[in-house]
Amino acid sequence: MTEAVRPPARKTAKGNQLMNGRRRAGRILFAMSAPFLIATLLFCYVPMFGWLYSFVNYKAGFSLFSSRWVGLKYFAMPFSNFVLRDEFLRVMRNTLITSGYHLLGSPLPLFFAIFLSEIKFVRYRKSVQILTTVPNFVSWVIVYSVVHSLLSLDGFVNHFLQMLGLTADPINFMATSKGVWITQWGYGTWKGLGWASIMYMSAIAGIDQELYEAASIDGADRFQKMWHITVPGLLGTYFVLLMIDIGHILSNGMEQYYVFENAMNHDKIEVLDLFVYNQGISGNNISYATAVGMFKSVVSLGLLFFANNLSKAVRGDSIF
Amino acid sequence: MKRLISLLLCLMLALGVCSFGTAEEAPVTLTAFVMQSVCTEFGIIDDWSGKVMLDELNIQIEFLPAGDNVLDKLQSYMASGKLPDIVGFKEQQYTQQAINAGLLECLDDHQDELPNIFEDKGNTNAINYWRDKYSMKGDGKLYALPTAINSPSSTKDTNWQTRFRWNLYKELGMPEVGTLEDILDICEEMVALEPETPDGKKTYGMGLFSDWDTHTALEISTLSFLYGIDTEYVSPLMETEVTGQWIRSILDDEAFYKRALHFYFDANQRGLLDPDSISMTFNDVQSKYTNGQYMFSWFSWMHGNYNSRGEGHTTAENPDGFIYIPVTDSVIYDKATQTVGRNWCYGISAACENMEAAMKWFNWFYAPYTSFILSNGPEGVRWEWNEDGVPEMTEDGYKIVRGNLYWYFNEDGTYTITDEVAPGRDYWNTKPIGAHEDYPFGFSYSEWPTYDDDPTNLTKEWREWIGYKTQVEYGKATGHIKVATGALDATVIEDAELKDELDIISGQVGSIIRTNSWKMVFAADEDEFEALWKDMQDKAAELGFDKYVDAYTEAFAKALEEISQYEVEY
């Protein structure tokens, strides 16, 4: 009926063509983004099915449906007695501090990129960039063995210190809880700095050269140009990355901490991701580990919204 | 011309196909994950044992990496719902879990394919026991078989013993070692005598490693075996007097574990413990033993290659090497005759795609003959039968075992002995069968009546000093050895739900014990040591450890009662 009362659409040949063109373009764009949507679905949403394991008494090898339903038992567990509560709080503290260092260090790649781009000698600049990017592709196991051979009791550093007569007995750098957070941050930064600065390098390339020329005419010196043109030009990128980092504040990854962990630094190095591994795989308590892991997702989601709104309020700009 | 070439090519192709048709059947590959293995190699087994399996069974084994963190690896396999074809377990908890989850093939369904297992009356006790205790949710069927079936008590050396460097001990004037704590005095004096190795490395009393830790700091708790206390077979969190007189928690105020922790704490305070202990692996420690950096060992086999004849220490004019020195107050654990096997076991994965081949292999593996050749190699290389039907070492055999050398088969069936020291290739660790009536002379060459023991200078001097031929002989004569009850291997929590709960407790308590133990060893002073001990006790109590202790105390009492019915001689 509605069809009958609606006035006939006036279609011109030109309008039709435009619509078809737009539709086609939309389809092409959709087709181009489809693989990424599918990947997101596969790797971010399908695994959420695994959350079911936190509601049953799961043991590796059994099927989900043959495991006994225990409701929220594992969610209550971290608060059921003081040992588990302290453990949970300790792990949260480690996670937040580790991420805190990471966030504090987040302007480093920005400045690194700015200074690097100021170097006029191309060959030198390129080689610095390559040398700082390479560590990103070295696995943590290799990084650990390099650090171990440098810092162990028989290692280079101890031999060197003893040779200079600075220390009598070798210092056990690896098996101590002193300065764990800062050293771990240092290893992470060494590994990731060059890689993280690539994004800024490309953003710098996108800044309009006329701005620099105009500033030169106005008499700005090199540092003034960096501060008043390059830095503001990169802030947008910086905030997007910062927001993503804040969303990941509870995800430090586990590989780095797993390889460096030992009984002496365990209390400080055990971040949430490592804790989940230790509880689930090493401790044979997969359900509990899943529950703790879920907690992380909920917190991350909350933090992301918080950061987004903050950015909206402060800069009038946000990711969504 | 072209036609001729294409004709020739066709002919060649046809011939090729024909020859394929007549070729031998390609060997079947089975994967094996053996938790108890101490082998550092992985991949297709290609030593002589690989050739034997290929020749006799047309099967080759792809050996999966074992070594450190085997429990993590097992968990990942189990979580995927599929185990590798052949699995060796070293923790009862996980054996039971795998059986209940239906990951292991029921061996009773393959009785006709496994005559070596089911028709040999030597296995009856073990089969019955494992059907009763490790069936799938009580169905009374067999899913796994233990290792070391019928393995007798030690005849020469017990597994655990107090060993020191002989030449340094002599230099010290062979003082009496009264207690565990005295060991540190001896080590201190030995280190003073030899502060550095010939290549300039600093020496220590001993070094620890952590890659075998599960619920406790294993190398610390293991000292209990020198005092007749089990901390492995019943539960790593319990101390069980090996003859069954008492059982208590390792966190008890009286616990030996505290004494052991204090021993290593003292060692560290006095600079006798290798400060690298916390980050070392078993292999690191072994190579430091080989290099002569340590003075004391608590296993009869843990001294790297230091005692190998090839190294020359034991055969020197003034011989050296690690050898048993009695500690007055120690009474060393020795296992009982294991009629029901030990707590390590093997099973076949239910997901195995070539079940026929897997069963063929399993039947071969559990033949007494296999345990015999896994110990000695195939006939004709290291040994051969003599006229009386007793095996005898060949000349090459003596050369290989005395030099700790490596040998391999050539393509044409001959063999080559290399000067290279035998690499760590003990794929299976414990043999499936420990003793059998068809092999009354024993599986190990050193037990054969034909074996010419040709003692090294070290052994000669030691024998003269101690007045006995072997450590076991000395221990039995002087009461320094205690033979354990079989109940140690037979303590099982049968209630599945309770077991789940206890597993969670042991996981959580274990992780606290592990961390605190290492901290206690490296504690700054006595106060910190005591505070950490107290902290460990409090936390364990809060996590419900009392329930765990009660359950295991009860289960052990039950095992003591029941074990007699499986210990019937056949």
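In this predicted model, 22% of the 320 residues of chain A count as buried. The overall scores of the model are ipTM 0.80 and pTM 0.82.

**Chain A: fold and dimensions**
- The secondary structure of chain A consists of 15 helices, with zero strands.
- Chain A has a radius of gyration of 27 Å, whereas a compact globule of 320 residues would have one near 20 Å.
- Taken along the principal axes, the box filled by the C-alpha atoms of chain A is roughly 90 × 70 × 35 Å.
- When contacts in chain A between residues at least 6 apart in sequence are considered, 64% of them join residues at least 24 apart.

**Chain B: confidence**
- Chain B has a mean pLDDT of 89, and 94% of its residues reach 70 or more.
- Over residues 16-22 of chain B, pLDDT stays under 50, and the model has zero contacts beyond four places in sequence for this stretch.
- Where pLDDT is low, the predicted coordinates should not be read in detail.

**The contact between the chains**
- On the chain B side, 28 residues are in contact with 23 residues of chain A.
- The elements of chain B that give two or more residues to this side are α3 (70-79), α4 (92-100), α17 (496-521) and α18 (526-542), and α17(B) provides the largest share, with nine residues.
- Sorted by class, the side of chain B that touches chain A has 12 nonpolar residues, eight polar residues and eight charged residues.

Notes:
Residues numbered from 1 in each chain as written. Chains lettered and ligands numbered in written order. Predicted model: local features only at pLDDT ≥ 70, side-chain atom pairs only at ≥ 80, totals over all residues. pLDDT = per-residue confidence, 0-100. Contact = placed C-beta atoms within 7 Å. Helix = DSSP H or I, 4+ residues; strand = E, 2+ residues; numbered from the N terminus. Rg over C-alpha atoms; globule rule 2.2 N^0.38 Å. Buried ≥ 20, exposed ≤ 12 C-beta atoms within 10 Å, placed from the backbone. Nonpolar A, V, L, I, M, F, W, Y, C, P; charged D, E, K, R; others polar.
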